[in-house]
Amino acid sequence: MAEPEQTCLSVKCPTCGTSVIWKPENTFRPFCSQRCKLTDLGGWADEEYTVTAQEEGLLEISEFECIYR
Ligand SMILES: [Zn+2]
């Protein structure tokens, strides 16, 4: 499970667009912070935006050189 990776995943925060490293410590992923998470959830109130946002988030996943070692 803890295989050494030379690259890791990053996603763009659906709320503000900030790049977020996809790692277990990021409990708010794909959001950059609890604030963005709550903001986005608020916008999901009664629309299909929930599914749309999640799919877009997956599409925006990209690999890049991991800065963590
Ligand atoms: Zn954010």
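User: Leaving aside its neighbours within four places in sequence, which residues is C32 in contact with?

Analyst: In this predicted model, C32 is in contact with C13, C16, T18 and V20 once its neighbours within four places in sequence are left aside. C32 itself is found in the loop between β2 and α1 (34-43), while C13 has its place in the loop between β1 (7-12) and β2 (19-21).

User: Which residues form the largest nonpolar core?

Analyst: In soluble globular proteins, nonpolar side chains tend to be buried together. Here the largest nonpolar core has five residues, namely V11, C13, V20, F31 and C32. Among the residues that C13 touches, not counting those up to four places away in sequence, are V20, F31 and C32.

User: Which residues does UniProt list for "binding site"?

Analyst: The unreviewed UniProt entry lists C13, C16, C32 and C36 under that heading. They span 24 residues in sequence, yet no two of their C-alpha atoms are more than 8.2 Å apart, so these residues gather at one spot.

User: In what order do the elements of the protein chain run?

Analyst: Reading from the N terminus on, the order is β-β-α-α-β, which comes to two helices and three strands. Of the 69 residues in the protein chain, 13% are buried.

Notes
Residues numbered from 1 in each chain as written. Predicted model: local features only at pLDDT ≥ 70, side-chain atom pairs only at ≥ 80, totals over all residues. Core = buried A, V, L, I, M, F, W, Y, C linked by C-beta atoms within 7 Å. Buried ≥ 20, exposed ≤ 12 C-beta atoms within 10 Å, placed from the backbone. Contact = placed C-beta atoms within 7 Å. Helix = DSSP H or I, 4+ residues; strand = E, 2+ residues; numbered from the N terminus. UniProt positions renumbered as here; feature names shortened; annotations may be inferred.
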